[in-house]
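Trainee: I would like to go through this model by question and answer. Where do we begin?

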Amino acid sequence: MTQLFTHYNYWIVVVLMMAGFFIVIAQGNLVKKLIGLNIFQTSVFILYISSGKITGGTAPILQEGITVYSNPLPHVLILTAIVVGIATTALGLALVIRIKKAYGTIEESEIQQRDHTC
Amino acid sequence: MDTTAMLIDVAILTPIIAVVGILAFSKKPNLREAISLIAGVTLLAINLKLYSSFNHGEVLSRQWLEILPGLNLSFRVDALGLLFGLVASLLWPITTLYAIGYMRGHNEDHQTRFYACFAIAIAAVMAIAYAENLFTLFIFYEVLSLCTYPLVTHAGTEKAKKGGRVYLGILMGTSIAFFLPAIIITWLVAGTLDFQQGGIFPEQTPIALLSLLLVLFVFGVAKAAVMPFHRWLPAAMVAPTPVSALLHAVAVVKAGVFSLIKILVFIFGLDTLQQIPVSDYLLYLAGAGVVLASLIAMRQDNLKARLAYSTISQLGYITVGVLLAVESGVMGSAMHIATHALGKITLFFCAGAILVASHKSEISSMVGLGRSMPITMTAFFIASLSIIGLPPTAGTWSKWWLLTATLETDHLILMGVLILSSLLNIAYLLPIPLRAFFPGKQAVSGPVAIHEAPPAALIALCSTALACVLLFFFPNPLFELVSQIFSEGTP
Amino acid sequence: MLSHLPILQVILPLLGAPACLILGRGKLAWLFALLVSTLSFCIAATLLYTVYHHGVISYALGGWQAPWGIEYRIDLLNAWLLVIVSGSSTISLLAAQSSISSEIALDKQGLFYVAWLLCLAGLLGILATGDAFNVFVFLEISSLSTYTLISLGPNRQSLWAAFRYLIMGTIGATFILIGIGFMYIMTGTLNMADLAERLPSASESPTVFAAYAFILVGISLKLALFPLHLWLPNAYSQAPSIVTTFLAASATKVALYLLIRFTYTIFPSEFSQFIIPLADIFVALGIVAVFSASIAAIYQEEIKRAIAYSSIAQIGYMVIGLGIGGVLGLQATLIHVFNHALMKATLFMALAGIAVRIGATTLTSMQGLGRKMPWTSFGFVAGGLSLIGVPLTAGFISKWYLVSAAALAGRWPLVFLILLGSLLAIIYIWRVVEALYFKSAADNSPVKEAPLTMLIALWLLILGNVYFGIDTRLPVSISYEAAAALVEGRP
């Protein structure tokens with residue numbers, strides 16, 4: 001039981017991940033799909049960052065009297081991953097704009113329908 | 001470096017060089033065909049030189065390059081290879097001569113493609129004949145399938161395409177699905193793929209594995225047209241007649257049985273072969289094929305189709321001969337390669353000549369044709385005798401040896417089968433020339449004036465018919481060659 | 001200078017991309033991109049040579065030593081892949097300018113090369129780096145630029161294909177990210193060599209197991225391994241033709257590299273052998289991929305799409321090789337990676353040439369092209385023959401090793417399934433060959449040959465297919481050394 005609560009951060013990760021994944025799969029609207037993808041990615045970011053936190057540790061700046069530091073490396077990694085995520089979202093949205101221009105819709109089912117009719 | 005051995009390279013490269021010439025002069029038919037002819041004669045001369053050097057006891061072998069570690073592209077002259085090489089190179093110039101008459105008489109399209117593919121096929125045949133190992137043989141076996149495909153589909157009609165599909169489908173399909181794995185397994189088991197006197201398998205190889213391999217090889221070499229993988233041969237008959245004549249009566253099918261003999265004698269070895277129980281079943285399968293194909297042949301009214309089934313039946317003889325696993329059987333088979341080639345090519349030449357001269361392809365319409373095409377029909381008659389195995393024609397000798405072999409191994413049923421099939425041969429071949437000469441009371445069709453085929457074609461078919469007779473009276477070179485298959489020193 | 005080659009390999013195209021942007025539109029950007037790609041290829045070749053003769057190269061980025069800094073580690077495996085990827089990029093770029101002229105608006109062409117170089121940098125980065133997180137970063141660099149490249153395709157479907165690939169690709173990459181995160185949590189390191197040392201002690205933990213599972217699924221998505229392949233046919237058939245050529249030859253190979261790297265180098269061997277029957281799963285998925293994709297390919301009317309399906313089937317073969325395992329199995333995979341790059345590049349290059357001239361690659365639109373564009377059409381035939389695995393082409397060598405590996409492992413059914421799969425290849429290739437050569441075109445308007453640069457690139461590839469089917473020393477020896485090093489854990 002204590003395990004359940006002390007590691008609540010992982011539960012948040014799992015819930016976010018599933019929610020994001022579900023949205024990507026279930027939503028037909030392309031923008032919503034991208035939002036889902038973002039939530040999905042964000043859950044992974046939280047997974048990384050929270051793993052670096054050590055209870056009682058502070059920011060990793062050398063100072064007198066402090067012996068416990070949180071691990072800074074995950075933060076650095078995730079900084080990169082966030083940038084990647086933003087790039088992905090930007091590209092995805094750009095594609096959505098182009099799709100809207102070309103097809104006149106951003107609903108998955110309608111796009112597929114229009115591809116098959118022509 | 002041994003200069004005589006380099007003749008092997010020359011033998012393989014001569015047709016290739018001819019291809020270049022043929023393509024270069026595609027706009028000048030006379031020059032193009034002259035190149036084909038010259039290359040043919042040159043190739044024959046080279047093979048004769050190889051033959052005489054071989055008879056002087058020279059070891060002729062060439063290694064080109066190592067494709068995979070331990071697997072070379074290499075060549076070596078041996079008795080069996082020489083036999084095959086000589087037959088093919090003798091018939092190439094003759095067929096070219098014939099083709100000139102036929103293709104022009106028939107106004108065929110794409111003649112350049114025709115001559116080019118033809119020459120490539122001959123190069124592949126040379127490489128197969130002198131292959132020193134199974135790997136080399138397989139490579140050129142595949143090349144032969146591919147380069148004859150455009151020849152089969154030459155007409156470009158829907159029927160030709162369908163025939164081509166069956167042709168390539170069966171030949172490539174079996175070679176990839178059966179032949180290739182058999183080779184790879186052999187390589188893994190024996191550690192070599194070189195043809196060696198007495199076989200290459202280590203003694204402790206399990207019989208079950210050998211049986212599997214034997215079955216894979218026999219069916220994998222579909223060019224030998226062992227039933228049930230014979231369908232490609234009738235399908236290939238959509239090709240122009242010179243192609244049917246040289247490739248599907250001589251080069252391709254003989255490459256098949258040649259490969260089979262090579263594999264059974266020099267990969268398995270006769271002693272090992274005798275110990276494999278499954279070879280009996282294959283023997284009876286081949287025997288059944290002989291009779292069945294003859295029966296089917298009787299029902300064909302299309303002359304080329306009848307000849308095709310006749311070929312399947314005769315190939316069965318050769319397969320039976322090898323599977324008997326005695327020396328006389330193998331020698332009979334080897335001789336049958338040569339004698340059947342001469343006989344069958346003459347028959348196809350005649351079929352083509354009839355087609356060109358009278359536009360007839362159905363047997364029922366050929367009654368009485370002997371009056372207007374006496375030379376062709378005489379040649380047809382002689383060749384039929386040779387296929388049946390009656391004196392004074394070459395076919396007598398090979399059938400004699402084959403029958404001896406069945407006696408030697410106490411396969412009396414098979415002996416019966418072979419004799420029965422020969423009787424059937426009489427029934428489906430001889431009536432054609434006989435009724436051409438003696439139509440009896442039946443009305444001779446049409447008053448249309450029919451003349452003999454173009455002279456080029458006539459010369460070709462007469463010379464092969466003559467060869468059938470000559471080989472009966474002077475069979476010694478052939479005897480000597482096949483008797484060396486098992487002598488020490490060759491491979 | 002020479003010691004900095006590992007980083008130059010990646011940084012050169014990475015910096016080349018913005019430089020390309022400055023150069024602007026059209027020809028100049030093309031020449032520059034071609035130059036950068038050629039230099040990359042030279043670097044890769046030098047690296048391969050160095051690694052082959054002097055062993056593994058380790059390069060500490062910025063001088064920070066291995067476990068702390070990022071290490072670039074070049075062994076035979078990734079040096080081999082570096083050559084393949086940079087080589088296919090160079091060959092494709094050579095033809096790119098002519099190919100995209102009809103597909104992409106002039107003002108976008110400069111940007112096209114920027115995306116191309118970024119993609120190249122990403123792919124090379126994945127290969128060169130010895131750091132797990134770095135893999136993710138480069139994976140995303142290459143993926144993002146790939147989505148862009150695909151979306152530049154001529155039809156609006158390309159946008160939709162790119163979007164779907166973006167969703168799938170991002171999910172795949174994020175899965176890999178999760179896996180890497182788990183590994184980091186368990187071991188506290190991201191360096192691959194370090195991970196390999198520390199993971200065995202933690203191999204009991206379910207977290208490590210989960211990490212492996214996430215990474216496997218993520219890579220399989222990028223690899224288009226059945227059943228995660230659905231994005232590939234759309235993406236490949238809708239992308240600009242020349243992009244397909246490049247991607248087919250490189251992108252999936254890089255994913256396969258990751259699969260090998262994670263399975264053999266990073267995760268403890270008992271993992272992939274005992275905890276989950278990974279080898280069997282690979283073989284099963286591979287077989288299903290081969291058959292389902294080949295059969296799908298047979299029914300495609302759009303040939304680019306058919307060949308894209310064929311890629312899925314070929315990936316199946318590579319994964320089967322992994323599943324068979326052992327040095328020979330891995331070697332078969334590595335040889336096929338190279339040969340498949342050759343043959344697929346040839347096929348797609350020929351299709352690109354056809355697309356430039358007639359604007360479509362449907363079966364009906366290609367009818368009769370054999371006579372109108374003989375040089376290009378022959379490219380398709382050559383690539384097709386190699387794909388089928390005809391002797392004297394590169395594809396035959398792949399097949400030989402794959403079948404040998406299966407036979408040596410005693411998996412007889414697998415031997416026949418593999419060969420059966422290549423029979424299906426005959427069917428889908430031959431449909432096209434028949435359309436090209438034996439059907440007459442609907443309209444007889446003359447069609448010009450493909451542009452010169454495309455022809456040069458195509459014929460280089462054709463010669464490559466033949467050359468590496470005959471002289472196999474290079475791929476065979478390198479793949480053997482690389483496979484042995486991976487299996488035996490040699491550094």
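**Chains, helices and loops**

Mentor: Over residues 6-25 of chain A, the chain is 95% helix and 0% strand, with the end C-alpha atoms 31 Å apart. This is a predicted model. According to an unreviewed UniProt entry, the annotation "transmembrane region" covers residues 6-25, 37-56 and 76-97 of chain A.

Trainee: What is the helix percentage over residues 37-56 of chain A?

Mentor: The UniProt annotation "transmembrane region" also covers this stretch. Strand accounts for 0% over residues 37-56 of chain A, and the end C-alpha atoms are 33 Å apart. The helix percentage there is 80%.

Trainee: Of the two pairs of chains in contact, which chains share the most contacts?

Mentor: Chain A and chain B can be set aside, since no contact joins them and their closest C-alpha atoms lie 32 Å apart. One contact takes 20 residues from chain B and 22 residues from chain C. Another takes 22 residues from chain C and 25 residues from chain A. Of the two pairs in contact, the most contacts are shared by chains A and C.

Trainee: Which helix of chain C gives the largest share of the side that touches chain A?

Mentor: The contact between these chains takes 22 residues from chain C. Helix 5 (132-151) and helix 6 (157-187) of chain C each supply at least two residues of that side. By class, the side of chain C that touches chain A has 14 nonpolar, six polar and two charged residues. The largest share, 14 residues, comes from helix 6 of chain C.

Trainee: How are helix 3 of chain A and helix 6 of chain C oriented, roughly parallel or roughly antiparallel?

Mentor: The axes of helix 3 (residues 30-52) of chain A and helix 6 of chain C come within 10 Å and cross at roughly 10 degrees. Among the residues that meet are L37(A), F40(A) and V44(A) in helix 3 of chain A, and I167(C), T170(C) and L177(C) in helix 6 of chain C. The residues of this contact divide into 11 nonpolar, five polar and one charged. Angles under 35 degrees count as roughly parallel, so helix 3 of chain A and helix 6 of chain C are roughly parallel.

Trainee: Is R98(A) buried or partly exposed?

Mentor: R98(A) is found in helix 4 (residues 73-103) of chain A. Not counting residues up to four places away in sequence, R98(A) touches S151(C) and L159(C). R98(A) has 17 other C-beta atoms within 10 Å, so R98(A) is partly exposed.

Trainee: Which helix of chain B gives the most to the side that touches chain C?

Mentor: The contact takes 20 residues from chain B. Strand 1 (61-68), helix 5 (134-152) and helix 6 (158-190) of chain B each supply at least two residues of that side. The residues of the side of chain B that touches chain C divide into 15 nonpolar, three polar and two charged. With 10 residues, the most comes from helix 6 of chain B.

Trainee: How do helix 3 and helix 18 of chain B run, roughly parallel or roughly antiparallel?

Mentor: The axes of helix 3 (residues 79-106) and helix 18 (residues 455-473) of chain B come within 7 Å and cross at roughly 150 degrees. Angles over 145 degrees count as roughly antiparallel, which makes helix 3 of chain B and helix 18 of chain B roughly antiparallel.

Trainee: What is the handedness of that crossing between helix 3 and helix 18 of chain B?

Mentor: The residues that meet include I94(B), L97(B) and Y98(B) in helix 3 of chain B, and A456(B), I459(B) and A460(B) in helix 18 of chain B. By class, this contact has 11 nonpolar, four polar and no charged residues. The crossing of helix 3 of chain B past helix 18 of chain B is left-handed.

Trainee: Is A225(B) buried or exposed?

Mentor: A225(B) is found in the loop between helix 7 (207-220) and helix 8 (232-235) of chain B. Phi of A225(B) is near 55 degrees, a positive value in a residue other than glycine. With 29 C-beta neighbours inside 10 Å, A225(B) counts as buried.

Trainee: Which peptide bond of chain C is cis, with omega near 0 degrees?

Mentor: The loop to look at lies between helix 8 (206-223) and helix 9 (231-238) of chain C, and P227(C) is in that loop. A224(C) is also placed in the loop between helix 8 and helix 9 of chain C, and phi of A224(C) is near 65 degrees. The cis bond runs from F226(C) to P227(C).

Note on methods. Residues numbered from 1 in each chain as written. Chains lettered and ligands numbered in written order. Predicted model: local features only at pLDDT ≥ 70, side-chain atom pairs only at ≥ 80, totals over all residues. Contact = placed C-beta atoms within 7 Å. Helix = DSSP H or I, 4+ residues; strand = E, 2+ residues; numbered from the N terminus. Nonpolar A, V, L, I, M, F, W, Y, C, P; charged D, E, K, R; others polar. Buried ≥ 20, exposed ≤ 12 C-beta atoms within 10 Å, placed from the backbone. Axes fitted to C-alpha atoms, helices over the stretch in contact; angles between N-to-C directions. Parallel < 35°, antiparallel > 145°, perpendicular 65-115°, else oblique. Left-handed = near helix turned anticlockwise from the far one by under 90°. UniProt positions renumbered as here; feature names shortened; annotations may be inferred.
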